[in-house]
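Hi everyone, thanks for coming along.

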Amino acid sequence: MKKIVVLSGSIREGRKSHFVAQEIYGILTSQAHVEATLLDLKSYPFPIMEKRMNQMDELPDGMQLFSDTLFQAQGIVIVSPEYKNGMPGALKNALDYLNPQIFKRIPLAIVTVSSGGFGGLFCLSQLRGIGLALGGVPIPEKLCISKVNELFDDNGEVLQESFKTKSSDLINSFLWYVDRLSS
Ligand SMILES: Cc1cc2nc3c(=O)[nH]c(=O)nc-3n(C[C@H](O)[C@H](O)[C@H](O)COP(=O)(O)O)c2cc1C
């Protein structure tokens, strides 16, 4: 079994990116050889980082679990909204706590979500750089979702079948890297 974590990076009230994360998680749970975890940043309201976790005497609530869940993964999918041409501060803050190289040699698939027409390309670029800084291996394939408001109804039901196809294609590519980079 391959342990895969989907990190859902939006904590906004009324967030749409979490629908995307849930869809990706659903695709992963349907794979026979995958043990998937949905790691929802909204469940981890960390304070603004003043020290990295390896320099803290007492960790914020949930920090050890958050870090362990990511550390134990053999592949990580990060789903992030684009805010002001970049990634959300809450997601960057959480990642800043983590120990150096925590993602060492772990494939990372990046999914970005925007309500505009450009699919979160700035955010994609930032997350790839941050993934590298954490020792991870961002894969070339990506999913950049534009006009997310047209993609789901209010209950999170997918309105466009092409989204499911694109998501499955990304996950198939991603699992190729996971199989080759993990034992
Ligand atoms: C503070 C803030 C900044 C945003 N900046 C951008 C942006 O630069 N480009 C863009 O396409 N959408 C932007 N959006 C819209 C988000 O893409 C939109 O909220 C989308 O639904 C994905 O994020 P969500 O998970 O918060 O719903 C912004 C939204 C917020 C709340």
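**A short tour**

Let's start with Arg 105, which counts as exposed because it has 11 C-beta neighbours inside 10 Å.

Two words on what you're looking at. This is a predicted model, in which local features need pLDDT of at least 70, side-chain atom pairs count only at pLDDT 80 or more, and totals for chains, interfaces and linings use all residues. Residues are numbered from 1 along each chain as its sequence is written.

Back to Arg 105: you'll find this residue in the loop between α3 and β4 (107-113). Helices here are DSSP runs of H or I with at least four residues, strands are runs of E with at least two, and both are numbered from the N terminus. Arg 105 is not a glycine, yet its phi is positive, about 60°. Most residues other than glycine have a negative phi. Asn 85 is another non-glycine residue with a positive phi, near 60°. Asn 85 sits in the loop between β3 (75-81) and α3 (89-97), and with 14 other C-beta atoms within 10 Å it is partly exposed.

Now for a pair of helices. α1 (residues 17-29) and α5 (residues 161-181) pack at about 55°, their axes 10 Å apart. Those axes are lines fitted to C-alpha atoms over the stretch in contact, and angles run from 0 to 180 degrees between N-to-C directions. That angle makes α1 oblique to α5; under 35 degrees would be roughly parallel, over 145 roughly antiparallel, 65 to 115 roughly perpendicular, and the rest is oblique.

Which residues make the contact? From α1 come Glu 23, Ile 24, Ile 27 and Leu 28, and from α5 come Ser 167, Ser 168 and Ile 171. Contact means C-beta atoms, placed from the backbone, within 7 Å.

Next, Lys 142, in strand β5 (residues 137-145). Is this residue buried or partly exposed? Lys 142 is partly exposed, with 19 other C-beta atoms within 10 Å. Leaving aside neighbours within four places in sequence, Lys 142 is in contact with Ile 110 and Leu 124. Lys 142 and Phe 174 are 32 residues apart in sequence, and their C-alpha atoms are 9.2 Å apart.

How values were computed
Contact = placed C-beta atoms within 7 Å. Buried ≥ 20, exposed ≤ 12 C-beta atoms within 10 Å, placed from the backbone.
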